[in-house]
Amino acid sequence: MESEVLSLLCDPDSRYEFELEGSTLRNTATGRVYPIRDGIPLFVSTLTGSNLKYQSLYDRIAPGYDLAETLYYWIKRKPNYRHEVVAELEIAPGARVLEVGVGTGANLRYLPQDIDFYGLDLSWSMLHKFRKKLKKWRRNAQLFQGEASRLPFRAEVFDCVFHVGGINFFSDPARSIREMIWVAKPGTKIVIVDETEKVVRDHYQKNPATKAYFPPGTEAVRCPIDLVPEEMQEIKAREIADGKLYCLTFRKPAAPAR
Ligand SMILES: C[S@@+](CC[C@H](N)C(=O)[O-])C[C@H]1O[C@@H](n2cnc3c(N)ncnc32)[C@H](O)[C@@H]1O
C-alpha cells in the first residue's frame, strides 16, 4: 500500500490512524488489526439486518452483474443512464474521488483518467470483479471492503464523494450520509443516486435472481432528502433516467475564510 493511501485511512470505529504491519493494518492506539487481501483492506464488521442480506445478494449476483446491465440496455435500446449520473459530479483534474458502494466499478469508465479513484463496497465478490477489470481497462483504483456507515477514512480528504444504487437498503442510511460528509473536503458537492420505488416494484420484485430479496411488503423506497443535515447547502433532489432513479445532491459548506 502506498504511503499516501495509508495517510488517508483511519480506524472506522475509533478514528485512530494505522500503521502497516505485514499484510495488515494495525491501529496505532488500540492495536486492533484489519487484514488486507489481494491489496484490498477489509473493514467489514459483524453484519446484521439488511447489510447482511444485501451483502449476500451482491456476493451471489456479482458474476452476472455487468452482463445483466449490458443486456438490459441492449434489449431496451436505451442509452446507459451513467452519463446522467456522472454529469452531476464535480471532478477537477487530479481530484481524489470516492465512490461508496462501488460494486464492480461500472462508473469508473465514465470518469476522467486523471483522477485518484477510491472505491468501497460491502461485497467481496463485487470488488473482486472490479479488481480484475482494472487490469483490462489499464486503470488504477484503491479498493476497500467496508460499510458505508463506517468509512475508514480521515476527515475531509476527498474532492468528490458519490454513491449510486444501494442506499435504499443500507442498514443505516442517515449515518452513511454523515460519513460521506465527514470524508468530503469543505465545499465538496456530494451526489447520491438510487432507484425509485417504480424500479423496485416493476423490476426487482419480478426478476427471478432478485425477487426473494424484495418480497411483497418490502418497505417502500424513497429519496432520503430528509436525512441530509440542515447545515448542508444547495440541497436538491430530482428524478433522472426517465424516472427510474432519484438524484440527491448537496454541498458541504466551505471552510470559513481566515
Ligand atoms: C446496485 S449496486 C451498484 C454498484 C455501483 N455503484 C454501480 O453503479 O454499478 C449496489 C452496491 O452497493 C453495495 N452496498 C450495499 N450496501 C452497502 C453498504 N451498507 N455499504 C457499502 N456498500 C454497500 C453492494 O454490495 C453493491 O455492490
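This section describes a predicted model, from its strands and helices to the shell around its ligand. Local features were taken only at pLDDT of at least 70 and side-chain atom pairs only at pLDDT 80 or more, whereas totals for chains, interfaces and linings use all residues. Residues are numbered from 1 along each chain as its sequence is written. Helices (H or I, at least four residues) and strands (E, at least two) are DSSP runs, numbered from the N terminus.

Four strands form an open sheet in the order β1-β2-β3-β4, with antiparallel pairing. The edges are held by β1 (18–21) and β4, each with a single partner strand, so one side of each lacks a neighbour in the sheet. Strands count as paired if DSSP finds at least two bridges between them. Strand β2 (residues 24–27) runs antiparallel to strand β3 (residues 33–37), and three bridges join them. Here T24 stands opposite P35 in β3. The hairpin of β2 and β3 has five residues between the strands. Within this hairpin, G31 takes a positive phi near 80°.

The pairing of β3 and β4 is also described as antiparallel, over two bridges. I36 has P41 of β4 as its bridge partner. R37 stands opposite I40 in β4. Two residues lie between β3 and β4, which form a hairpin. In its turn, D38 has a positive phi of about 50°. D38 is not a glycine. Most residues other than glycine have a negative phi. D38 is exposed, with 10 other C-beta atoms within 10 Å. Burial was assigned from C-beta atoms placed from the backbone: a residue is buried if 20 or more others lie within 10 Å of its own, exposed if 12 or fewer, and partly exposed in between.

A parallel arrangement involves β5, β6 and β7. Strand β5 (residues 96–100) runs parallel to β6, and five bridges join the two. E99 stands opposite G119 in β6. On β7, the parallel pairing with β6 extends over four bridges. L120 has F144 of β7 as its bridge partner. D121 stands opposite Q145 in β7. Five of the six residues of β6 are buried, so this strand is largely enclosed by the rest of the structure. In β7, Q142 and F144 point one way, while L143 and Q145 point the other way. All four of these residues are buried. In a regular strand the side chains alternate between the two faces of the sheet.

Helix α4 (residues 124–137) has 14 residues. At 1.5 Å a residue, the helix should span 20 Å, and its end C-alpha atoms are 20 Å apart, which agrees. The expected span is 1.5 Å times one less than the number of residues. The buried residues of α4 are M126, L127 and F130. Seen down the helix axis, these buried residues fall within an arc of 90°, so they line one face of α4. The arc is that of the directions from the helix axis to the C-beta atoms. The buried residues pack against β4 (40–41), α2, β6 (116–121) and β7 (142–145). Contact here requires C-beta atoms, placed from the backbone, within 7 Å. On the other side of α4, K132, K135 and K136 are exposed. R138 follows α4 and has a positive phi, near 55°.

Two further loop residues were examined. D242 is found in the loop between β10 and β11 (245–251). D242 has a positive phi of about 55° although it is not a glycine. D242 is exposed, with 11 other C-beta atoms within 10 Å. P229 is found in the loop between α6 (197–204) and β10 (233–240). With 12 C-beta neighbours inside 10 Å, P229 counts as exposed. P229 and K211 are 18 residues apart along the chain, and their C-alpha atoms are separated by 33 Å.

The ligand is surrounded by 18 residues. The closest are G101, G103, S123, G165 and G166. Helix α2 (residues 49–76) supplies the largest share of this shell, three residues. By type, the shell divides into nine nonpolar, seven polar and two charged residues. Ala, Val, Leu, Ile, Met, Phe, Trp, Tyr, Cys and Pro count as nonpolar, Asp, Glu, Lys and Arg as charged, and the others, Gly among them, as polar.

Terms used
A residue is near a molecule or strand if its C-beta atom, placed from the backbone, lies within 6 Å of it. Two residues are in contact if their C-beta atoms, placed from the backbone, lie within 7 Å.
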